[in-house]
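These are my notebook entries on one chain, written while I looked through its structure. I begin with a single pair of residues and widen the view from there.

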Amino acid sequence: MATFLYKLGRSAFRRRRLVALLWVALLALAGFGAASASTATSSSFSMPGTEAQKAFDLLEQRFPGGSADGATARVVFKAPAGQKMTEPGHKAEVNKAVGELKSGSDQIASVTDPYLTKAVSKDGGTAYVSVTYKVNSMELTEETREELKEAGAEARDAGLTVEIGGDALQAAPESGPGEIIGVAVAAVVLVITFGSLVAAGLPLLTAIIGVGIGISTITALANVLDLGSTTSTLATMIGLAVGIDYALFIVSRYRAELAEGREHEEAAGRAVGTAGSAVVFAGLTVVIALVGLAVVNIPMLSKMGFAAAGTVVIAVLIALTLIPALLGFAGKRVLGRKARKGKPVEEKPNMGTRWARFVLRRPVTVLLAGVVGLGAIALPAASLEMGLPDDGSQPTSTTQRKAYDLLSDGFGPGFNGPLMVVVDGDKGTADRTVKDIQGLDGVAAVTPPTLNKAGDTAMITVVPKDRPSSLETEDLVHSIRDGSGDDVLVTGATAMNIDFSQKMNDALLPYLALVVGLAFLLLMLVFRSVLVPLKAALGFLLSVVAALGAVVAVFQWGWLGSLFGVEQTGPIMSMMPIFMVGVVFGLAMDYEVFLVTRMREAYVHGERPGEAIVTGFRHGARVVTAAAVIMIAVFSGFIGSSEQMVKMIGFGLAIAVFFDAFVVRMAIVPAVLALLGEKAWWLPRWLDRALPNVDVEGEKLHKELATDGDPDEKRELVRV
C-alpha cells in the first residue's frame, strides 16, 4: 500500500493543476446539485418491528386519511390571574382562533374546540386547542407554520397568554456561534503547530472543501433519500474533524521530509506513502464504525451513518490527492520562517520526548492513575437513564417550552405525552380495554374509544399522570402492553421513544462486537500484533464509558449544567451510547494508528521497544495533541446549538476525544507498551503468514527506494 500511495502522492504533486481543478469541479457540481434540488419535504421516522410502528401501520390501514403520523400542535391559552377561560370574552377569542386555524391551511386535518372536548383545566385558568395535520412536521410548508404561529395573536392582544407546543413547529436546529469559534480555535492551533500561515491554512481549506462536497451532496439527495437535518449536522461535525486531522498528518510528514533534504515532489510522495497509509486505515475504522450503525435497523440512524461515512471517505481522498497537489503550489511557504531562510533547527528534546521518558520510568504509576481516574469519572454511567428529548428539554425562552409548562401546571405533566392505544377489535373489546386501563396505576385520564367506519378498530387516548420521559410513564406503557393481548397496541410519541430506547439497548452489544471485532482485525493488519489492537480496544471502552459518565453528570444530574446551556435535566438521548461507541471508536483509532505506527516504524527499523516509544512520541505527540485539540474545538462548537440532541452529541464527543487522546493514548498506551516490552509486537508465526502485509510503516517502500539507488536511504529513517 505504501508504494501505491507514494506513486499517487508524486503523481498528484506533478499534476497539481489537474487535481485541484477536478476537486473544484466536484465542489461546483455538488453545489449546483444542492442549489437546484427540490427542498426536502419529509424526514420520516420509522422503527421496523416495534409495537409502536405496528400500531401506526394499522392506523394507516384502518383509518385511511386519518394522518396517524401527521404533525400535531397544541395552542395553549391561559387567562390572566383571577380570571377564567370560560368567561364570554375569552371564549370568543379562543373560538376566533379556532376558526382562523381551520381556514388557515389546507394541510390541516382537524382542529378541536376546547369547550366541546372539555380541554379546560379544573381551575378554569387554562385551555388548549389540539391541531392535527395531514402531513408530518417536516412536510409542513412555511406558510402553514406561520399561520400556526399567528393563531391567537388577537387573543394575546386581549390579554391572554398564548403559547404553542407540539412537533408542528419543529425545525432544523439552529447552530450557535460556537461552530465558527471551533474552526477559529483549530486555525490558531494549526498556526502554533506549524509556524506557517500557509501550512496552517491547507488543512482548513481542504477540510472545508471536503465538507462542502459532502453537505452539498446530502442536500442534493435529501429529498430522494429522505434525509433529515440532523444528517447534515453529523456529517459536518465528523467531516470537519477528520478532514483537518488527516490533512494535518500529511502536511506534518511532508515538512519533516523537506527538513531531511528531500526534493519537494519526493517529499510529497513519501508523506503520502507513509502518513497516508495511516490516514487510510484510520479512515477505514471511522467508516466501519459509522456504517455499522445500520445493524440497529432504524432507517434514520442508518442514513446518518452512511452520510457521515461518505464525508469521511471524501476527507481521506482529499488528504491523499488534493493535499499533495496544494503542497506543490505552496512550495517552501509550508515551512516555518527559520526553515525557509535555511537556518538549521536545533533538535531539542521536546515535551513529547520528556513525557515518554517519564512514563517509561513510572509505567505502573501512570497506568493506575489513568485507569482509576477514568474509572471514577465513569461511575455516573451506572445511573444512566435513556429516552428522547421532548418539549420539556427546550430552552425556557421558546414557546414550545412555555406551552409545555402551561399544560403541566393546568392539566398535569402527562398531558404533554398522551398515549395512543389502538384496539384491533369491535366496540365491546374497546370498552373492556378502557376499563382495564382505568384500573392501572399512573393513569390520569382515559378517553372513550373512537371507532373507524368499519367498526373493527378503535383508538383510545390515555393520559399518564407523569411527564412523557419519566420512568413512571414507561412503566405504564409496559403495564398496558403486558395486561392486554395481541389485539391491543400502544403507540404515540411517548411509546415510540420507549421502543426506540429498547431497540438501542438491544443493538448495543451486537454493534459493539461488530465494530470492535472488525477494527481489531484491521489494527492487527496495521501493527502485526495481537496485544496492541487488544489494548487499543480496551482503552477505547474505558474512555467511552468515562465520557458517558460525564454526559450523565451534566445532562441527567445537572452538574455544571448551566455552563453548557442545559436548562432542563432529564434522560440521556437513547441513541447516545451506541452513537458514541460508533463515532468515538473510529476517531479514537485515529490517534492509535498515527501514534503507534510511528513506534512500530521505529521498532521495525531496529530500535529497542523503549526507544521506539520515545521516538513515536518525539515525532508524533505534538501533531496528535494538535489534532485532538482541533477535534475537541470542532465538537465543542456544537454545544452552542439550540437543539438538545446536537448539544449533547457535541459535548459527548468532545469529552470522549479529550479522555481518549490525553489519558488513554498519551498515558495508558505508552505505559502498557513499556510494561509489555518486546511482547507488545508479538504475532504467532502462522498468523503472520496468513495475514496480508499491507506495509503501513513503509518498510517495502524504503527497500524499493534504496534498491533504486536513493542515497537518502542510507541515512536514518525519516520520521515526523
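**Entry 1: a pair in a sheet.** I looked up T72 and found that T72 stands opposite T132 in β3. Before going on I noted that this is a predicted model, in which local features need pLDDT of at least 70 and side-chain atom pairs count only at pLDDT 80 or more, while totals for chains, interfaces and linings use all residues. Residues are numbered from 1 along each chain as its sequence is written, and side-chain values use heavy atoms, with hydrogens and water left out.

Strand β1 (residues 72–78) and strand β3 (residues 126–133) run antiparallel and are joined by seven bridges; two strands count as paired if DSSP finds at least two bridges between them. I then asked myself in what order the strands of this open sheet come. The four strands follow the order β2-β3-β1-β4, with antiparallel pairing. Because β2 (108–111) and β4 (161–165) stand at the edges with a single partner strand each, one side of each is left without a neighbour in the sheet. On average, neighbouring strands here are turned by 20° against each other, direction ignored.

Helix α15 (residues 399–411) lies across β1, β3 and β4, and runs at about 105° to β4. Such angles run from 0 to 180 degrees between N-to-C directions, with axes as lines fitted to C-alpha atoms, for helices over the stretch in contact; contact means heavy atoms within 4.5 Å.

**Entry 2: strand β6.** Next I turned to β6 (residues 419–423), where four of the five residues are buried (under 20% relative accessible area, with exposed over 50% and partly exposed in between, using a 1.4 Å probe and protein chains only). Strand β9 (residues 458–464) runs antiparallel to β6 and is joined to it by five bridges, and in β9 the bridge partner of V422 is M459. β6 also pairs with strand β10 (residues 488–491) in the antiparallel sense, over four bridges, with V421 opposite V490 in β10.

**Entry 3: one threonine.** Is T285 buried or exposed? T285, which I found in helix α10 (residues 264–291), counts as buried because its relative accessibility is 1%. Leaving aside neighbours within four places in sequence, T285 is in contact with L522, G586, M589 and D590. T285 and M589 are 304 residues apart along the chain, yet their C-alpha atoms are separated by 6.8 Å.

**Entry 4: the whole chain.** I noted 24 helices and 11 strands, and buried residues make up 56% of the 720 residues. Among contacts between residues at least 6 apart in sequence, 80% join residues at least 24 apart. The C-alpha trace spans about 95 × 45 × 45 Å along its principal axes.

**Entry 5: confidence.** The average pLDDT of the chain is 83, and 90% of the residues score at least 70; pLDDT is the predictor's confidence in each residue, from 0 to 100.

Notes: Helix = DSSP H or I, 4+ residues; strand = E, 2+ residues; numbered from the N terminus.
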